[in-house]
Amino acid sequence: MSNGKTPKTIKRFNKGFIIAHWVNAGAFFTLYISALPMYTEFFDWLYPVFGGPAGARLIHRIAAVAFMLPLFIMIIFDFKGFKNWMKNIFSWKKHDLMFFPQFLREFFGLKAKVPKQDFFNAGEKVNSWLMIVTTLMLISSGLVMWFPAFFPSVVVWWAYPIHNIGLGLAVAVAVGHIYMSLVTARPSMRGITKGDVTEEYAKDHHGRWYDELQEEKQQRKQA
């Protein structure tokens, strides 16, 4: 808030995109927690939370189905947002590459001049690709582990280490994503909860997208 006035906001995400994000997050952490006692005896104390080993396996499988839903939620309820996401993560230009050295300076509290970024900045694009890769690893290997009778034994054998590696990478991505959202780019949380962000945040973190919106606004006024 500045000068007692409510900051101007800009629409960033639609309901479909927001719901897909939180379904993904909820399913992932349910999968993670329910898998811990199945992975190592150290977390056997979690079994009573799920009603025993059978309950943990059931909840894990339900969460696995939910984990596969976000893509379909976006396509059905926010296809425009899905297309924009796809367009952005496949678009890599000079300003994206210039983002990283400046981001590191900013991350460590040094003076930085981050170049104007798109609707999704370069860091968010990297996060998206890491999420896509780890999700494919977890879903593909998980389905093999769930239905081993339908796959050759060598495929089943490889599914377990792939699942473990995918989980480790996914947890690292999730921790980094949460840290960035809550510490270094806290205003972005408003976008994925309420759907809008302040103009100031849009200018500072997504300058190219903000400029595009201003150009569109001028064109509408002149029409």
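This note sets out some points on one helix and on the aromatic rings of a predicted model.

1. Helix α7 covers residues 122–146, and its 25 residues, taken at 1.5 Å a residue, should span 36 Å; the end C-alpha atoms lie 36 Å apart, which agrees with that expectation. At the start of α7, a side-chain oxygen of N121 comes to within 3.0 Å of the backbone nitrogen of G123.

2. The buried residues of α7 include A122, S128, T134, M137, L138 and V144. K125 is also buried, and the charged end of K125 sits over the ring of W92, 5.5 Å from the ring's centre.

3. Over the whole structure, a search finds 19 aromatic pairs. In the pair formed by F42 and F43, the ring centres are 5.1 Å apart and the planes stand at 90 degrees, so this pair is edge-to-face, given that planes over 60 degrees apart count as such. F42 is exposed, with a relative accessible area of 62%, whereas F43, at 22%, counts as partly exposed, the cut-off for buried being under 20%.

4. F99 and F103 form a stacked aromatic pair, with 5.4 Å from centre to centre and 15 degrees between the planes. Both belong to helix α6 (residues 94–107), where they are separated by about one helical turn because they are four residues apart. F99 is buried, its relative accessible area being 7%.

5. A cluster of rings is made up of F13, F17, F119, F120 and W209, which are linked by ring pairs. Within this cluster, F119 also has R12 lying over its face, at 4.3 Å from the ring centre.

Definitions and conventions: Residues are numbered from 1 along each chain as its sequence is written. This is a predicted model: local features need pLDDT of at least 70, side-chain atom pairs count only at pLDDT 80 or more; totals for chains, interfaces and linings use all residues. Side-chain values use heavy atoms; hydrogens and water are left out. Helices (H or I, at least four residues) and strands (E, at least two) are DSSP runs, numbered from the N terminus. The expected span of a helix is 1.5 Å times one less than its number of residues. Buried means under 20% relative accessible area, exposed over 50%, partly exposed in between (1.4 Å probe, protein chains only). A polar contact is a pair of N or O atoms within 3.5 Å; within protein, one must be able to donate a hydrogen and the other to accept it, and residues adjacent in sequence count only if both atoms are side-chain atoms. Rings of Phe, Tyr and Trp (its six-membered ring) pair if their centres lie within 6.5 Å; planes under 30 degrees apart count as stacked, over 60 as edge-to-face and the rest as tilted. A charge sits over a ring if NZ of Lys or CZ of Arg is within 6 Å of the ring centre and within 35 degrees of the ring normal.
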